[in-house]
Amino acid sequence: MRLPIALVAALIAAAPASAQEAGTTTALEINPQSYTGLWYEIARTPTPYQEDCEGGVTATYSLLDETSVEVINRWDRASGDEQGVVGTAEVVNGNFNTFSVEFGEDSGAPGVNYVVAAVGEEDGGQYPWAAVYSPEGNTGWILAREPELSAKERKEAEAALSEVGVDLAQLSDTAQPPQSYDPAAE
C-alpha cells in the first residue's frame with residue numbers, strides 16, 4: 001500500500017491540488033540530502049490511518065539510492081505505547097518532491113501519494129520545515145526538525161498547504177514531543 005507521510009519541499013510552483021492529478025509532479029526542486037533525517041509532525045488533517053496516533057508523530061527519511069527513500073514513521077498511541085511502520089518511498093517522474101510511499105500489508109495505510117508543497121530555506125544543510133500533502137484528498141501535514149515551529153514558519157507552511165487546496169480548518173496540532181519513545185534513538 002502507498003502512504004504519504006509523513007515523510008517532504010521550497011515554495012509552491014504548481015497548480016492547486018484540485019487541478020492536479022494524483023502522481024503529478026510540481027516544479028519544486030528538493031535537495032535529497034537536505035530532506036533526509038528526522039522530522040516531527042507539527043500538524044495534520046484527519047486521516048483514517050492515523051486514528052490511533054495520540055501524538056509524538058515522527059518520520060525519519062534515509063536515502064536508499066537516487067530514487068528511493070526508507071521511511072520510518074513512529075507515534076504515541078492512546079494506550080501509552082509506541083507504534084511504528086517502515087516503508088519505502090519511490091520518486092515519481094524523477095522529481096524528488098513527489099513520492100509513492102509503500103508500507104507493508106499489515107500497516108493498514110491506504111495508497112496515497114506524498115508531495116512536498118514547500119520547505120523552509122536550507123539551514124545547516126537541512127530544511128527546517130516542510131508542508132506536505134496528498135493530491136488524492138484533503139490531506140496535509142506540517143513537519144519540522146524540532147518538536148515546535150515558530151509562528152512565522154507555521155504561517156508559511158499553512159499558506160503553502162492552502163495554495164494546493166488543503167482545508168486549513170481541518171488542520172489540528174500534533175502533541176509533541178513523543179512520550180513513549182526517543183525519536184533520536186534507532
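E156 is partly exposed, with a relative accessible area of 30%. Partly exposed covers the range between buried, under 20% relative accessible area, and exposed, over 50% (1.4 Å probe, protein chains only). E156 forms a salt bridge with K152, and their closest N and O atoms lie 2.8 Å apart. A salt bridge here is a side-chain nitrogen of Lys or Arg within 4 Å of a carboxyl oxygen of Asp or Glu.

This is a predicted model: local features need pLDDT of at least 70, side-chain atom pairs count only at pLDDT 80 or more, and totals for chains, interfaces and linings use all residues. Residues are numbered from 1 along each chain as its sequence is written, and side-chain values use heavy atoms, leaving out hydrogens and water.

**Overall layout**

- The protein has two helices and nine strands. Both kinds of element are DSSP runs, numbered from the N terminus: helices are H or I with at least four residues, strands are E with at least two.
- Read from the N terminus, the order of elements is α-β-β-β-β-β-β-β-β-α-β.
- Of the 186 residues in the protein, 51% are buried.
- Accessible areas come from the Shrake-Rupley method with a 1.4 Å probe; for residues, only the protein chains shown count as cover.

**Salt bridges**

- The structure holds seven salt bridges. Side chains of opposite charge can pair when their charged atoms come close.
- K152, the partner of E156, is exposed at 59% relative accessibility. The two residues are four apart in helix α2, so about one helical turn separates them.
- R74 and E82 join through their side chains, at 2.7 Å from N to O. R74 is buried at 12% relative accessible area, whereas E82 is partly exposed at 33%.
- D81 and R77 pair at 3.7 Å, N to O. D81 is partly exposed at 32% relative accessibility, and R77 is partly exposed at 25%.
- D52, R77 and D81 are linked in a network of salt bridges.

**Inside helix α2: L161**

- L161 sits in helix α2, which spans residues 151–163.
- The L161 residue is buried, with a relative accessible area of 0%.
- Beyond its neighbours within four places in sequence, L161 is in contact with A131, V132, Y133, G140, W141, I142, V166, L168 and L171. Contact means heavy atoms within 4.5 Å.
- Y133 is 28 residues from L161 in sequence, while their C-alpha atoms are 7.1 Å apart in space.

**Strand β8: T139**

- T139 belongs to strand β8, residues 139–144.
- T139 counts as buried at 12% relative accessibility.
- Leaving aside neighbours within four places in sequence, T139 is in contact with T45, T47, Y49, V132, Y133, S134 and V166.

**A charged surface patch**

- D65, E66, E90 and E102 form a negative surface patch. Patches are made of residues with over 30% relative accessible area and no salt bridge: like charges are joined within 9 Å, nonpolar side chains (Val, Leu, Ile, Met, Phe, Trp, Tyr) within 5 Å.
- Asp and Glu count as negative, Lys and Arg as positive; His and the chain ends are not counted. A charge is placed at NZ of Lys, CZ of Arg, CG of Asp or CD of Glu.
- Within the patch, E90 lies in strand β4, residues 82–92. E90 is partly exposed at 33% relative accessibility.
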